[in-house]
Amino acid sequence: MGLGDRIRAFFAHRKNPALDELEAFVREHKGVEGFVEPQTATSPTTLLLVDRYGEHMRAPVHDARDAAAFCSRLGLPIYDAQVIGYPKRMREFEKRRRAQASDQLDKDIADLERRLSEPGNEAPNQ
């Protein structure tokens with residue numbers, strides 16, 4: 001990376017506070033890869049970071065060059081999500097997260113039903 005690229009990357013990073021959150025994600029996770037998601041009618045160009053377990057985080061970037069500069073500065077591999085697609089580990093992570101949320105909801109409902117069925121917890125007459 002040349003001096004001009006470093007200067008552009010520095011100022012691009014300073015203009016986009018969301019990149020600070022992505023940088024923190026990189027520091028806290030292992031095996032992180034970057035995926036550039038193209039701009040659509042409803043969302044800007046984004047950089048998606050995925051760690052080795054599938055946990056992920058995304059943030060808007062000005063354009064694909066800014067995403068590439070960010071990943072290059074941190075030594076991360078970067079891919080075009082439109083070409084490569086999303087990693088299987090990310091999809092599996094989301095399935096596990098949804099299953100855990102569903103299990104927790106079931107537990108919360110069972111606990112509420114148990115508490116309501118206890119003596120003295122009858123619903124008031126209206």
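Leu19, Leu22, Glu23 and Val26 of helix α2 meet Phe70, Arg73 and Leu74 of helix α3 in this predicted model, where contact means heavy atoms within 4.5 Å. By class, this meeting of α2 with α3 involves five nonpolar, no polar and two charged residues; Ala, Val, Leu, Ile, Met, Phe, Trp, Tyr, Cys and Pro count as nonpolar, Asp, Glu, Lys and Arg as charged, and the others, Gly among them, as polar.

The largest nonpolar core has 15 residues, and Leu22, Val32, Leu47, Leu49, Phe70 and Leu76 have the most contacts inside it. Such a core is a set of buried Ala, Val, Leu, Ile, Met, Phe, Trp, Tyr and Cys residues joined through side-chain atoms within 4.5 Å, buried being under 20% relative accessible area (1.4 Å probe, protein chains only). Helix α2 gives the most to this core, with five residues. A second, separate core of five residues includes Phe35, Leu48, Val50 and Ala81.

How far can the model be trusted? Its pLDDT, the predictor's confidence in each residue from 0 to 100, averages 85 over the chain, and 86% of the residues score at least 70. Confidence is lowest in helix α1 (residues 3–15), at a mean of 62, and highest in strand β1 (residues 33–37), at 97; helices (H or I, at least four residues) and strands (E, at least two) are DSSP runs, numbered from the N terminus. Where pLDDT is low, the predicted coordinates should not be read in detail.

Residues are numbered from 1 along each chain as its sequence is written. Local features need pLDDT of at least 70 and side-chain atom pairs count only at pLDDT 80 or more, while totals for chains, interfaces and linings use all residues, and side-chain values use heavy atoms, leaving out hydrogens and water.

Key:
Buried means under 20% relative accessible area, exposed over 50%, partly exposed in between (1.4 Å probe, protein chains only).
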